[in-house]
Every structure is written in structure tokens, then in C-alpha cells.
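Please look over the structure shown here; the briefing that follows takes up the chain as a whole and then turns to one residue.

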Amino acid sequence: MPTVTILEKLYGSYSPTAFEKIYSNLIIGLKAQLCFAGTTDRGWIQLDVSGADETVVLSLLDREIGLAPDSSDNLKKFSVMQGKIIFSNKNANELCVDLGVDSPNVCDAVVSDKLFYTQLTDGKEIPHKKLVELFCLYDNFPLQVKIIEDVMVGNETVTAQLSESQLSFFKSWISSRFDRLIILGSLFSDVERALNLSRHSRDIIRIESLGVLEQVVLCKLGTDAVGLIPKIGRSLKSAVLFPFSPKKIIETLGSESFDW
């Protein structure tokens, strides 16, 4: 019975039961079982996989959710990796991304502010705290990066940059001009319920999922994400909410930074 670490974290007020139900729906029709086995020290979810179709299930989990690389041996130069931001309030000039590596030691991807400026702001520099605020780069925000150096065994960090997919992701959010409300630490169904209870479902286009506990509310034109925070935040006690405002980003960095 293999135990695997998937690229989802358990945090906030949620119990493993919520995740087991979601993942069990993935394997309907297959001769296999998924059971919650615990979490790593950093909260990554571990699942026991058993049954005649366990090989198929492992492949399905890797494709639909992603499996943590576990060992730094699986980190290669130019490989594209999915992770979640960690220590967003502790670093002064870099983003730290937890990739789920814990053997032989923890190894995080690090994206320097300088690389971020080169890729996304046309070289214009702003304070790190402002960068985090504008792009909602807070703990548990999912981020895809590309490793850009050889990984040495024993190193606790490896240099990375935003992947092309992640870069396009941010660019599309900015060019759309729609505000988005980033919600970290809440299920899709709970965000949907909060919007209905507050009678603000008419002010949004849809809810998008970045992960099981990471949701994005796409606002209609004329709806400010920041205005929704007190309205629906009262129903999402364990979540943290942040506004992603293309208008504010462009005002801060200048329209020439986004002349794509």
C-alpha cells in the first residue's frame, strides 16, 4: 500500500474528511481506496492508496492534483514545479515556494524580487511588501515556478523564476481589468454559500479554484474586490481574503509595464 504526498495542504479549520470526500470522487468506478494518512510537518496531505487499480489511481492523482517530488533528487534544472508560497511575511527581497520536498532535507524554491521585476514589471522595482500586496503573494497561494540552476544535494533552497504558464496567468488577470478576490483557506462550496448569504452572487461572474482551499472570485466590472471582503468575510471565519486589483497594479507600476 503506497503512501503518497499530494500537492494540497491541510490548514485552517478544515478536517481530513472534507478532502477524503473530494478525492474519493476522483476514483469512482475504479477498484481502489484512498485514505487520509496524515500530513507532513508543513501540512502537505498524505494519502494511502490501495486496491487493484492503485497504479491507475496514482497516475490520476499526479495528473489531476499533482504529487510532491518528496526528494530533492527529483528537482532538475529547467523543470517546472508546482508549490505554495511560504514565509511571505518573513522575507525582505524574495518569494519562497514550498515544493513539498523533505528528503534528505527541506528544499524550497526561491524567486528573487529582481527576477520577478524582469519577468512581470518591465524591470520597475517596488518594495517587496508592496509586491506581495499587489499580486496577493501570501502564504498558501499556489505558484508554479521553473528551476533555473542545478540542484545540489543538501541545499535548503534552489533558485527559480515564474514559469511561462504562471507568467501568462498573472498577465491575463491584469489585462482583463476585472477585480478578483483571492480567498485562501476555504472550500469552493463555502465561498459559494457566503456569496449567496450576503446576496452578492449577482456582483460576480464566477468562482475559480486554484486548489481545494484556494478560491478566486471573479468580480463583474464595477465591483471592487476590496468591498466584498467585509461582506463575505464574516461567513468565512478561518479564511484570509485579499483583493487583486488590475487598476491598482497598473497605477503603481505604470501602463508601460503591461503593454503586451
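In this predicted model, the chain has a radius of gyration of 19 Å, which agrees with the value near 18 Å that a compact globule of 260 residues would have; the radius is taken over C-alpha atoms, and the globule rule is 2.2 Å times the number of residues to the power 0.38. Local features need pLDDT of at least 70 and side-chain atom pairs count only at pLDDT 80 or more, while totals for chains, interfaces and linings use all residues. Residues are numbered from 1 along each chain as its sequence is written, and side-chain values use heavy atoms, with hydrogens and water left out.

**Overall form**
- The C-alpha atoms of the chain fill a box of roughly 55 × 50 × 30 Å along the principal axes.
- The chain holds eight helices and 12 strands, which are DSSP runs numbered from the N terminus (helices are H or I with at least four residues, strands E with at least two).

**Burial and contacts**
- Of the 260 residues, 50% count as buried, where buried means under 20% relative accessible area, exposed over 50% and partly exposed in between, with a 1.4 Å probe and protein chains only.
- Among contacts (heavy atoms within 4.5 Å) between residues at least 6 apart in sequence, 67% join residues at least 24 apart.

**Thr39**
- Thr39 belongs to strand 2, which covers residues 33-39, and is partly exposed because its relative accessible area is 36%.
- Leaving aside residues up to four places away in sequence, Thr39 touches Leu10, Trp44, Ile45 and Gln46.
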